[in-house]
Amino acid sequence: MSGADGYSGHGTSASEMPPLNPVPQQSPVRDATVLRPAAFQDQAVGERTLEEPVAPAPAVPTQEVTVSTLDEEVVLGPTGRPLPVFPEPSPPTAHGRARVISMVNQKGGVGKTTTTINLGASLAEFGYKVLLVDFDPQGSLSVGLGLNPHTMELTIYNLLMQRDVELDEVVVPSGVEGMDLLPSNIDLSAAEVQLVHEVAREQTLQRVLAPAIEKYDIVLIDCQPSLGLLTVNALTASDSVIVPLECEYFALRGVALLKTTIDKVRERLNPRLEIDGVLGTMFDGRTLHGREVMERLVEAWGDTVFHTVIRRTVKFSDSTVAGEPITSYASSSSGADNYRQLAKEVLARWQRDA
Ligand SMILES: Nc1ncnc2c1ncn2[C@@H]1O[C@H](COP(=O)(O)OP(=O)(O)OP(=O)(O)O)[C@@H](O)[C@H]1O
Ligand SMILES: [Mg+2]
């Protein structure tokens, strides 16, 4: 990593990147010759590098496909793997002991903020108490929930930098029942500079979020598109990470650097940090390009890739303009369904790992 304070900034060239992880095992399937798409069997998985061109043959189905075997039917999901059925979540019996999750990708415009809002709203629909943390000086999460950045009295900047400001004074309702927001605006950009001089500068967010852990079930942190000190603070405060990746050709560039940053934070600052999953966003299964990128994503990250993908739809921009999650703005849209399914998949992964 580069940078005077030891943190890297935006991006890196592909030639500087360390190789991706070896491919983890796919979910066991009973009869791989029948259940896996044919092109998957022919590929030398794991041998390709980031620089190589995308292979021409798409293996990923454009939509869910049912494959019949002798005694069972298997549904192949949009990632080309058999799609599990995720259980309907039951609301928690008691609140507190929150799990903290950061949405991280130093690439801009990949769906971090959209995922924070809509995953949060879906989890709140399932009865979880959710706190969203806007940790980006752009303040998109706050704006996306209808707040005016110019009229905010207190923001997360005050919480980080002023010892006499308490969490409850800064938290505001999000407009969604069961979901609150720690807002942010451009003031937060000053914190990145000021924090450099603080003692335990990487642990500042963790310290100020401590009271929230007692009250909420899930805390989702929306990071800015950088791997600087604010993002390292978010990773230090988190139990796990979700990496949204736009399903387009350059999606995987920079992911190796992100992985290195997560590994370093785990080694030096936060041993409990896990990767919950990589989320394909803005997926268009009708295009060859979308399907090829999805295929490469699964080659590179294996079962870390969520079975759920978020499809491209203009309803997301519309709901941002309306200042509310898609789950309420267009409750029965495919976008809302995608995020509800992601919430189920995330809950199932957490229960499996508990
Ligand atoms: N599935 C989707 N389909 C169509 N548009 C989408 C989708 N997801 C997000 N968008 C749009 O793409 C743009 C970028 O999304 P978003 O703000 O969530 O990305 P981000 O990673 O948070 O960006 P930044 O790095 O700047 O914070 C927004 O205009 C959003 O409405
Ligand atoms: Mg954002």
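Here are a few friendly questions and answers about this predicted model.

Q: Which elements give two or more residues to the shell around ligand 1?
A: Let's begin with the shell itself: 19 residues surround ligand 1, and the closest are Gly108, Lys112, Thr113, Thr114 and Pro225. The elements that contribute two or more residues to this shell are α3 (112-125) and α12 (315-322).

Q: How many residues of the shell around ligand 1 are polar?
A: Sorting the shell by class gives five nonpolar and three charged residues. The polar residues in the shell number 11.

Q: Why do the buried residues of α8 line one face of the helix?
A: Helix α8 covers residues 204-215, and its buried residues are Thr204, Leu205, Val208, Leu209 and Ala212. Look down the axis of α8: these residues line one face because they fall within an arc of 90 degrees.

Q: Which exposed residues sit on the face of α8 turned away from its buried side?
A: The buried side of α8 includes Leu205 and Val208. Turned away from that side, the face carries the exposed residues Ala210 and Glu214.

Q: Which strands are the edge strands of the open sheet of seven strands?
A: The strand order is β5-β6-β4-β7-β3-β8-β9, with mixed pairing. An edge strand here pairs on one side only, and that holds for β5 (172-176) and β9 (274-281).

Q: What is the bridge partner of Ile101 in β8?
A: Strands of a sheet can pair in a parallel or antiparallel way, through backbone hydrogen bonds. Strand β3 (residues 99-103) pairs with β8 (residues 240-246) in the parallel sense, over three bridges. In β8, the partner of Ile101 is Ser240.

Key:
Residues are numbered from 1 along each chain as its sequence is written. Chains are lettered from A and ligands numbered from 1 in the order in which they are written. This is a predicted model: local features need pLDDT of at least 70, side-chain atom pairs count only at pLDDT 80 or more; totals for chains, interfaces and linings use all residues. A residue is near a molecule or strand if its C-beta atom, placed from the backbone, lies within 6 Å of it. Helices (H or I, at least four residues) and strands (E, at least two) are DSSP runs, numbered from the N terminus. Ala, Val, Leu, Ile, Met, Phe, Trp, Tyr, Cys and Pro count as nonpolar, Asp, Glu, Lys and Arg as charged, and the others, Gly among them, as polar. A residue is buried if 20 or more other C-beta atoms lie within 10 Å of its own, exposed if 12 or fewer, and partly exposed in between; C-beta atoms are placed from the backbone. The arc is that of the directions from the helix axis to the C-beta atoms. Two strands pair if DSSP finds at least two bridges between them.
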